[in-house]
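I opened this entry to look up a few things in one protein.

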Amino acid sequence: MRPSLALLTCATVLAAAVGMAGAATTALAAPKIGEPAPDFTAVDSKGQTVKLADYRGKTVILEWTNEGCPYVKKHYGTGNMQALQKETTGGGVVWLTVISSAPGQQGHLSPAEIEALATKQAAAPTATLIDADGKIGKAYDAKTTPHMYVIKPDGVLAYAGAIDDKPTADEADVKTATNYVKNALAQIAAGKPVDPALTRAYGCSVKYGS
């Protein structure tokens with residue numbers, strides 16, 4: 001093998017190894033069930049600063065969304081997501097909807113557009129957080145829209161994954177689905193371990209920037 005080719009091969013292998021190490025680091029950084037949920041500070045669609053730490057003592061739901069995603073439309077088109085938002089917030093749960101779509105990507109909205117959409121959909125989250133740089137989404141390893149997380153009052157992550165057990169964009173499936181979020185909330189309220197605590201999220205990929 002010529003020296004130049006050998007050098008190139010070594011460099012390629014090294015780059016691959018570094019890439020794998022970086023991927024491993026990212027995987028290790030993902031939040032784990034039973035451990036403290038990553039703290040964050042964000043600005044919501046009303047221009048208010050929202051800190052996760054301020055909600056210590058309350059159950060918190062995080063919902064990743066993208067209004068252009070068919071899987072999101074399934075839950076908002078049927079009123080399923082809004083009904084769950086109203087039911088949970090009415091019971092004292094904090095619901096934070098997160099938009100991690102980067103500027104120029106599907107689902108990215110201005111604060112005014114977010115407010116207009118919420119009115120049109122009759123959505124009822126506690127707040128909608130603007131995460132255009134993707135920092136919150138990446139801290140939670142949010143992969144899809146929707147991707148759901150439930151945080152217990154002590155700040156520990158209790159559930160992460162799909163909203164339900166029907167990984168389709170078919171609105172008819174909402175009626176027969178087992179809702180994992182409602183299941184988690186009921187078990188937390190009863191002082192029981194959440195089961196399942198981790199499921200495979202389904203939907204469109206979160207539209208992070210480069």
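**Disulfide**

I searched the whole structure for disulfides (a disulfide is a pair of cysteine sulfur atoms within 2.5 Å) and got 1. The partners are Cys69 and Cys204, with an S to S distance of 2.2 Å. I then placed both ends: Cys69 sits in the loop between β3 and α2, while Cys204 belongs to strand β9 (residues 204-205). Cys69 and Cys204 are both buried. Buried means under 20% relative accessible area, exposed over 50%, and partly exposed in between, with a 1.4 Å probe and protein chains only.

**Ground rules**

This is a predicted model: local features need pLDDT of at least 70, side-chain atom pairs count only at pLDDT 80 or more, and totals for chains, interfaces and linings use all residues. Residues are numbered from 1 along each chain as its sequence is written, and side-chain values use heavy atoms, with hydrogens and water left out.

**Helix α2**

Next I took α2, residues 70-77. Its buried residues are Val72, Lys74, His75 and Tyr76. They pack against β3, α3, β4 (94-99), α4 (111-121) and β6 (144-145). Contact here means heavy atoms within 4.5 Å. After α2 comes Gly79, with a positive phi near 80 degrees.

**Helix α6**

Which residues of α6 (residues 180-189) are buried? I found Tyr180, Val181, Ala184, Leu185, Gln187 and Ile188. They lie on the same side of α6, because they cover an arc of only 165 degrees around the axis. The arc is that of the directions from the helix axis to the C-beta atoms. I recalled that an α-helix has 3.6 residues a turn, so residues three or four places apart point the same way. The buried residues of α6 pack against β3 (60-64), α3 (80-90), β7 (147-151) and β8 (157-161).

Asn179 caps the N-terminal end of α6, with a side-chain oxygen 3.0 Å from the backbone nitrogen of Val181. Gly191 follows α6, and its phi is positive, near 75 degrees.

**Totals**

I counted 6 helices and 9 strands in the protein. Helices (H or I, at least four residues) and strands (E, at least two) are DSSP runs, numbered from the N terminus. Of the 210 residues, 42% are buried.

Conventions. A polar contact is a pair of N or O atoms within 3.5 Å; within protein, one must be able to donate a hydrogen and the other to accept it, and residues adjacent in sequence count only if both atoms are side-chain atoms.
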